[in-house]
Amino acid sequence: MALARGDSGDGPAVFMTFILGFTVVPVALWVAMSVDWPLWLHAMIWTVVILGLALGMLRPAKAYLMALQFRHRASEYDTPESPASRD
């Protein structure tokens, strides 16, 4: 089985962008309404939080997407038998 044939493309990055956007933005808005921080502090904190979560979750998201591709289209991952292995 050749996993190099599987291509996840930009799928994991797009999914992480949407998931983090839907989860972090409401939390950031709630914190902004609850605490009176300066704008530069919000920018620093939420940039670090989003980048850390995105980079930390990107590999598991790619692995999960590749596993789903393998599960639903396993025939694309099968390698044809090489002539050398027939001997």
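Val14, Phe15, Phe18, Ile19, Phe22, Leu53 and Met57 form a nonpolar patch on the surface of this predicted model, with about 680 Å² of accessible area together. Patches are built from residues with over 30% relative accessible area and no salt bridge; nonpolar side chains (Val, Leu, Ile, Met, Phe, Trp, Tyr) are joined within 5 Å, and like charges within 9 Å. A salt bridge is a side-chain nitrogen of Lys or Arg within 4 Å of a carboxyl oxygen of Asp or Glu. Accessible areas come from the Shrake-Rupley method with a 1.4 Å probe, and for residues only the protein chains shown count as cover.

Residues are numbered from 1 along each chain as its sequence is written. Local features need pLDDT of at least 70, side-chain atom pairs count only at pLDDT 80 or more, and totals for chains, interfaces and linings use all residues, while side-chain values use heavy atoms, without hydrogens or water.

The chain holds 2 helices and 0 strands. Helices (H or I, at least four residues) and strands (E, at least two) are DSSP runs, numbered from the N terminus. Helix H1 (11–34) and helix H2 (39–72) each supply at least two residues of the nonpolar patch. H1 gives the largest share, 5 residues. Phenylalanine 18 of the patch is placed in H1.

H1 has 24 residues and spans 35 Å from first C-alpha to last, close to the 34 Å expected at 1.5 Å a residue. The expected span is 1.5 Å times one less than the number of residues. At glycine 21, H1 bends by about 30 degrees. This bend is the angle between axes fitted to the seven residues ending there and the seven starting there.

The buried residues of H1 are Gly11, Pro12, Met16, Leu20, Val24, Ala28 and Val31. Buried means under 20% relative accessible area, exposed over 50%, and partly exposed in between (1.4 Å probe, protein chains only). These buried residues of H1 pack against H2. Contact means heavy atoms within 4.5 Å.

Two positions in H2 were examined. Histidine 42 lies in H2. Histidine 42 is buried, because its relative accessible area is 11%. Beyond residues up to four places away in sequence, histidine 42 touches Val31, Ala32, Trp37 and Thr47. Valine 49 also lies in H2. Valine 49 counts as partly exposed, because its relative accessibility is 30%. The C-alpha atoms of valine 49 and leucine 20 are 9.8 Å apart, although 29 residues separate them along the chain.

Of the 87 residues of the chain, 18% count as buried.
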